[in-house]
Amino acid sequence: MKKICVVQSIYCSEITDKIYKSAKDKLSSSDYREFDTFKVSGSFEIPVAVSRLIDKYEGIIAIGCIIQGETKNFDLISSAITNAIMELSISKKKPIGNAILTCSNKEQALKRVDKGGEASTAVISLLKNVKL
């Protein structure tokens, strides 16, 4: 059976729940209707969860939201997460859809919650078109 896992941060759940719904809607209308969901505390924990789960799935959708604050923490965490997800995807040769928003404010994030569907589409497309 084809299987995808969605890893969702529960931090900023007002936003990540909407991103999740977007991903779920896209997956539900695909060959990947049955998928697992794994929740983590925050976006920083997503790469660790993905690294532990990736061998069990054909692909993963990573969902999170990081809102810029007044410190450099935003830039450091955003870069670390993106780099870790890309490294895992390349080393494991499996698609990881990145639906982790990095936004200046909550309003900007709420305008981008369709990123879950976009990330799901990207993973589905890779699984269909690139034999890994």
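This note goes through the sheet, the helix packing and a few single residues.

1. Basis. The model is predicted: local features need pLDDT of at least 70, side-chain atom pairs count only at pLDDT 80 or more, and totals for chains, interfaces and linings use all residues. Residues are numbered from 1 along each chain as its sequence is written, and side-chain values use heavy atoms, with hydrogens and water left out. Helices (H or I, at least four residues) and strands (E, at least two) are DSSP runs, numbered from the N terminus.

2. Sheet order. An open sheet of 4 strands runs β2-β1-β3-β4, with parallel pairing. Two strands pair if DSSP finds at least two bridges between them. β2 (35-40) and β4 are the edge strands, each with a single partner, so one side of each lacks a neighbour in the sheet. On average, neighbouring strands are turned by 15° against each other, direction ignored. Axes here are lines fitted to C-alpha atoms, for helices over the stretch in contact, and angles run from 0 to 180 degrees between N-to-C directions.

3. The β3-β4 pair. Strand β3 (residues 59-67) and β4 run parallel and are joined by 8 bridges. Isoleucine 63 faces alanine 99 in β4. Isoleucine 66 stands opposite threonine 102 in β4. Is strand β4 (residues 96-103) mostly covered or mostly uncovered? Mostly covered: 6 of its 8 residues are buried. Buried means under 20% relative accessible area, exposed over 50%, partly exposed in between (1.4 Å probe, protein chains only).

4. Helices on the sheet. Helix α2 (residues 46-53) packs on the sheet and touches β1 (4-9), β2, β3 and β4. The direction of α2 makes about 160° with that of β1. α5 also packs on the sheet, touching β1, β3 and β4. The direction of α5 makes about 155° with that of β4. Contact means heavy atoms within 4.5 Å.

5. α1 against α5. The axes of helix α1 (residues 13-28) and helix α5 (residues 115-129) come within 6 Å and cross at roughly 40°. The two are therefore oblique to each other. Angles under 35 degrees count as roughly parallel, over 145 as roughly antiparallel, 65 to 115 as roughly perpendicular and the rest as oblique. From α1, Ile19, Ser22, Ala23, Lys26 and Leu27 meet Lys115, Gly116, Gly117, Ser120, Thr121 and Ile124 of α5. These contact residues divide into 4 nonpolar, 5 polar and 2 charged. Ala, Val, Leu, Ile, Met, Phe, Trp, Tyr, Cys and Pro count as nonpolar, Asp, Glu, Lys and Arg as charged, and the others, Gly among them, as polar.

6. α2 against α3. The axes of α2 and helix α3 (residues 73-92) come within 9 Å and cross at roughly 10°. That makes α2 roughly parallel to α3. Ile46, Pro47, Val50 and Ser51 in α2 meet Ile81, Ala84, Ile85 and Leu88 in α3.

7. Lysine 115. This residue lies in helix α5 and is partly exposed, at 26% relative accessible area. Beyond its neighbours within four places in sequence, lysine 115 contacts Ile19, Ser22, Asn98, Ala99 and Leu101.

8. Backbone check. Cysteine 12, in the loop between β1 and α1, has a positive phi near 60° although it is not glycine. Lysine 93, in the loop between α3 and β4, has a positive phi of about 55° and is not a glycine either. Cysteine 12 is partly exposed at 23%; lysine 93 is exposed at 58%.
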